[in-house]
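Work through the exercises below with the structure open. Try each task before reading its solution.

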Amino acid sequence: MLLTLQNSKGISEALVNTASGILTAVFALVSYNYFTNKIDNLTYAVDELGFAIVNAYAANHAK
C-alpha cells in the first residue's frame with residue numbers, strides 16, 4: 001500500500017509539472033507569434049516609407 005501511495009504522489013507531481021510546462025510553452029508560443037507579427041508589420045511600414053521617400057525624391061529630382 002505504501003509503494004502505491006508513493007507512486008501516486010510521484011505520478012501526480014509529474015502530471016502537474018507536465019501541465020505547467022505545456023502552459024508555459026503555449027504562453028511562449030503565443031507571445032513569440034504576437035511579437036513576430038508586430039515586428040513584421042513595423043518592417044513592412046518602414047519599407048513602404050522608404051519606397052515612398054525614394055519615389056518622392058525621384059519625382060522631384062528627375063532630369
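This is a predicted model: local features need pLDDT of at least 70, side-chain atom pairs count only at pLDDT 80 or more; totals for chains, interfaces and linings use all residues.

**Exercise 1.** Classify Leu 42 by accessibility, and give its C-alpha separation from Gln 6.

*Solution.* 
- Step 1: Leu 42 and Gln 6 are 36 residues apart along the chain, with 54 Å between their C-alpha atoms.

**Exercise 2.** Which residues form a nonpolar patch on the surface? Assign an accessibility class to Val 26.

*Solution.* 
- Step 1: the patch consists of Ile 22, Val 26 and Val 30.
- Step 2: together they have about 270 Å² of accessible area.
- Step 3: Val 26 lies in helix H1, which covers residues 2-60.
- Step 4: Val 26 has 45% relative accessibility, so it counts as partly exposed.

**Exercise 3.** How many aromatic pairs does a search of the whole structure find? Describe the geometry.

*Solution.* 
- Step 1: the search finds one aromatic pair.
- Step 2: the partners are Tyr 34 and Phe 35, with 5.1 Å centre to centre.
- Step 3: their planes make an angle of 75°. Planes over 60 degrees apart count as edge-to-face, so this pair is edge-to-face.
- Step 4: Tyr 34 has a relative accessible area of 48%, so the residue is partly exposed.

**Exercise 4.** Describe the overall form of the chain, using its secondary structure, its dimensions and its radius of gyration.

*Solution.* 
- Step 1: count the elements. The chain has one helix and zero strands.
- Step 2: take the dimensions. The C-alpha trace spans about 95 × 10 × 5 Å along its principal axes.
- Step 3: The chain has 27 Å, whereas a compact globule of 63 residues would have a value near 11 Å.
- Step 4: check burial. Of the 63 residues, 0% count as buried.
- Step 5: examine the surface. The chain exposes about 5900 Å², and 70% of that comes from carbon and sulfur atoms.

Note on methods: Residues are numbered from 1 along each chain as its sequence is written. Side-chain values use heavy atoms; hydrogens and water are left out. Patches are made of residues with over 30% relative accessible area and no salt bridge: like charges are joined within 9 Å, nonpolar side chains (Val, Leu, Ile, Met, Phe, Trp, Tyr) within 5 Å. Accessible areas come from the Shrake-Rupley method with a 1.4 Å probe; for residues, only the protein chains shown count as cover. A salt bridge is a side-chain nitrogen of Lys or Arg within 4 Å of a carboxyl oxygen of Asp or Glu. Helices (H or I, at least four residues) and strands (E, at least two) are DSSP runs, numbered from the N terminus. Buried means under 20% relative accessible area, exposed over 50%, partly exposed in between (1.4 Å probe, protein chains only). Rings of Phe, Tyr and Trp (its six-membered ring) pair if their centres lie within 6.5 Å; planes under 30 degrees apart count as stacked, over 60 as edge-to-face and the rest as tilted. The radius of gyration is taken over C-alpha atoms; the globule rule is 2.2 Å times the number of residues to the power 0.38.
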